[in-house]
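Welcome, and please open your viewer.

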Amino acid sequence: MSMTVNGEAAEIPRDPRVSLLDFLREHLHLSGTKKGCDQGACGACTVLVDGERMLSCLSLAVQFEGRSVTTIEGLGQPGDLHPLQQAFVEHDGFQCGYCTPGQICSAVGMAAEIARGVPSHVTVDLSDCDIDLSHDELRERMSGNLCRCGAYNGIVAAIAETYSQETLVEAAE
């Protein structure tokens with residue numbers, strides 16, 4: 001049994017009790033994904049599974065046979081950062097950096113949701129597939145990712161700049 005992690009095949013552990021988070025950190029030595037609360041409440045462990053955001057602490061590795069997992073390491077590398085990683089640097093969207101990988105993976109998944117027309121709790125018109133990434137929409141969609149240092153203004157600015165409405169429309173096409 002295997003899955004793809006950051007574009008590479010990875011053998012799923014035989015122990016069915018291993019969480020996706022522990023598999024990434026302890027078996028594959030990908031330390032970017034963080035263990036915050038280990039209860040799905042903080043979002044520090046957020047990764048992308050087939051492009052959708054997922055809390056890796058609440059998921060078992062065996063659930064992802066044949067699927068594609070992307071961690072913060074798979075989004076960009078030093079010298080070749082993902083545009084959102086670069087925006088986090090430019091807008092000081094991190095303090096200690098502990099929540100940053102989960103924030104970035106969550107925002108990438110959030111942008112894909114908006115591009116697909118998936119509404120949130122604050123979306124005004126549920127039938128409108130062209131959702132505006134307003135201040136309230138962005139904050140609602142990112143509410144599952146906590147920042148203990150309070151760098152929310154930089155985080156919001158980085159996400160808003162990276163995923164302007166024009167960018168989201170292009171991603172949907």
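Is Asp38 buried, partly exposed or exposed? Select Asp38 and you have a partly exposed residue, because its relative accessibility is 39%. Here buried means under 20% relative accessible area, exposed means over 50%, and partly exposed is in between, using a 1.4 Å probe and protein chains only.

Before going on, a word about what is on your screen: this is a predicted model, where local features need pLDDT of at least 70, side-chain atom pairs count only at pLDDT 80 or more, and totals for chains, interfaces and linings use all residues. Residues are numbered from 1 along each chain as its sequence is written, and side-chain values use heavy atoms, with hydrogens and water left out.

**Stop one: a salt bridge at Asp38**

The side chains of Lys35 and Asp38 form a salt bridge, with N to O at 3.9 Å. A salt bridge is a side-chain nitrogen of Lys or Arg within 4 Å of a carboxyl oxygen of Asp or Glu. Lys35 is partly exposed, since its relative accessibility is 29%. How many salt bridges does the structure hold? There are seven.

**Stop two: Asp50 and Arg67**

Select Asp50 and Arg67 next. Their closest N and O atoms are 2.8 Å apart, in another salt bridge. This pair links distant parts of the chain, 17 residues apart: Asp50 is in the loop between β3 (46–49) and β4 (52–55), while Arg67 is in the loop between β4 and β5 (68–70). Helices (H or I, at least four residues) and strands (E, at least two) are DSSP runs, numbered from the N terminus. Asp50 has a relative accessible area of 43%, so Asp50 is partly exposed. Arg67, with 31%, is partly exposed too.

**Stop three: helix α5**

Go to helix α5 (residues 135–141) and pick out Glu137 and Arg141. Their side chains meet in a salt bridge of 2.8 Å, N to O. Glu137 and Arg141 are separated by about one helical turn because they are four residues apart in this helix. Are these two residues buried or exposed? Glu137 is buried, at 4% relative accessibility, and Arg141 is buried, at 6% relative accessible area. Then show Gly117, which is 20 residues from Glu137 along the chain; their C-alpha atoms are separated by 13 Å.

**Stop four: His82**

Select His82, in the loop between α2 (72–75) and α3 (83–90). His82 has a relative accessible area of 17%, so His82 is buried. What does the side chain of His82 reach? At 2.9 Å lies the backbone nitrogen of Leu84.

**Stop five: Pro16 and Ala61**

Find Pro16 in the loop between β2 (8–11) and α1 (20–27). Pro16 is partly exposed, with a relative accessible area of 48%. Pro16 and Ala61 are 45 residues apart in sequence, yet 7.3 Å apart in space, C-alpha to C-alpha.

**Last stop: Asp128**

Finish by selecting Asp128, in the loop between α4 (100–115) and α5. Asp128 counts as partly exposed, since its relative accessibility is 32%.

Notes
A polar contact is a pair of N or O atoms within 3.5 Å; within protein, one must be able to donate a hydrogen and the other to accept it, and residues adjacent in sequence count only if both atoms are side-chain atoms.
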